[in-house]
Amino acid sequence: MPKQTLAILPEIFVIHSLPDDATIPAEVFKAPVYFIGKTNEELSLVVPETIKINSDDKDSGWIALEVLGPLNLSMVGIMSQIGGVLAAAKVSIFVLSTFETDFFLVKQNDLETASTALIESGYKVQK
């Protein structure tokens, strides 16, 4: 199977942690790309930095690399292979998935290292 192409999204993202019963601000739903994750202990929001949220904790400066798809849910090892390349390059990741694709978030200051490592491993990276 040929290696995937990853596209760098133009937004800079912030990962927020809120109480599990927090209300999601309406502006989140207007963002071009956002992610919501909820457990019994917390609510996590990944939103463009232009959306200001009063959260318990946050980590900013993330860039998303979208694995261009759609990917079939039966495909095996994509996250592991890409994650392995980035781990070998000592790039921390925050991974998100949708029904059709995966997103690898890397810190803004690691984007060049991540892109170079992926390209050297046979992936295509689109800016």
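**Reading the terms of a predicted model**

Biologist: What is the average pLDDT of the protein, and what share of the residues score at least 70?

Modeller: The average is 92, and 92% of the residues reach a score of at least 70.

Biologist: Why is Leu105 called buried?

Modeller: A residue is buried under 20% relative accessible area, exposed over 50% and partly exposed in between (1.4 Å probe, protein chains only). Leu105 has 1%, and is therefore buried. Its place is in strand β6.

Biologist: Which residues are in contact with Leu105, leaving aside its neighbours within four places in sequence?

Modeller: Contact requires heavy atoms within 4.5 Å. On that basis Leu105 is in contact with residues including Phe13, Val46, Trp62, Ser92 and Leu96. Ile12 lies 93 residues from Leu105 along the chain, and their C-alpha atoms are separated by 9.7 Å.

Biologist: Which residues touch the most other members of the largest nonpolar core?

Modeller: A nonpolar core is a set of buried Ala, Val, Leu, Ile, Met, Phe, Trp, Tyr and Cys residues joined through side-chain atoms within 4.5 Å. The largest has 19 residues, and those that touch the most other members are Leu6, Leu65, Ile82, Leu86, Phe104, Val106 and Leu118. At least two residues of this core come from each of β1 (5-19), β4 (57-67), α1, β6 (102-107) and α2 (111-120). A second, separate core has eleven residues, among them Leu9, Trp62, Ala64 and Phe103. In soluble globular proteins, nonpolar side chains tend to be buried together.

Biologist: What does Phe104 touch, not counting residues up to four places away in sequence?

Modeller: Phe104 touches residues including Leu6, Ile63, Leu65, Met79, Ile82, Leu86 and Ile93.

Biologist: What makes Met79, Ile93 and Val95 a patch?

Modeller: Patches are made of residues with over 30% relative accessible area and no salt bridge; like charges are joined within 9 Å, and nonpolar side chains (Val, Leu, Ile, Met, Phe, Trp, Tyr) within 5 Å. Met79, at 39%, counts as partly exposed, and Ile93 counts as partly exposed at 33%. Together with Val95 they form a nonpolar surface patch of about 210 Å² of accessible area, computed by the Shrake-Rupley method with a 1.4 Å probe and, for residues, only the protein chains shown as cover. Met79 is found in helix α1, whereas Ile93 is in the loop between α1 (78-88) and β5 (94-97).

Biologist: How do you know that Lys107 and Asp59 form a salt bridge?

Modeller: The term calls for a side-chain nitrogen of Lys or Arg within 4 Å of a carboxyl oxygen of Asp or Glu. For Lys107 and Asp59 the N to O distance is 2.5 Å, which makes the pair a salt bridge by the definition. Lys107 is in strand β6 and Asp59 in strand β4, so the pair ties together parts 48 residues apart in sequence. The structure holds one salt bridge.

Biologist: Why is Asp59 called partly exposed?

Modeller: Its relative accessibility is 33%, so Asp59 falls in the partly exposed class.

Biologist: What is noted about the phi of Lys90?

Modeller: Lys90 has a positive phi of about 60° although it is not a glycine. Most residues other than glycine have a negative phi. Lys90 is in the loop between α1 and β5, and its relative accessible area of 73% makes it exposed.

Biologist: Is Ala88 buried or exposed?

Modeller: At 66% relative accessibility, Ala88 counts as exposed. Ala88 lies in helix α1, with its C-alpha atom 8.5 Å from that of Ala117, 29 residues away in sequence.

How values were computed. Residues numbered from 1 in each chain as written. Predicted model: local features only at pLDDT ≥ 70, side-chain atom pairs only at ≥ 80, totals over all residues. Heavy atoms only, no water. Helix = DSSP H or I, 4+ residues; strand = E, 2+ residues; numbered from the N terminus. pLDDT = per-residue confidence, 0-100.
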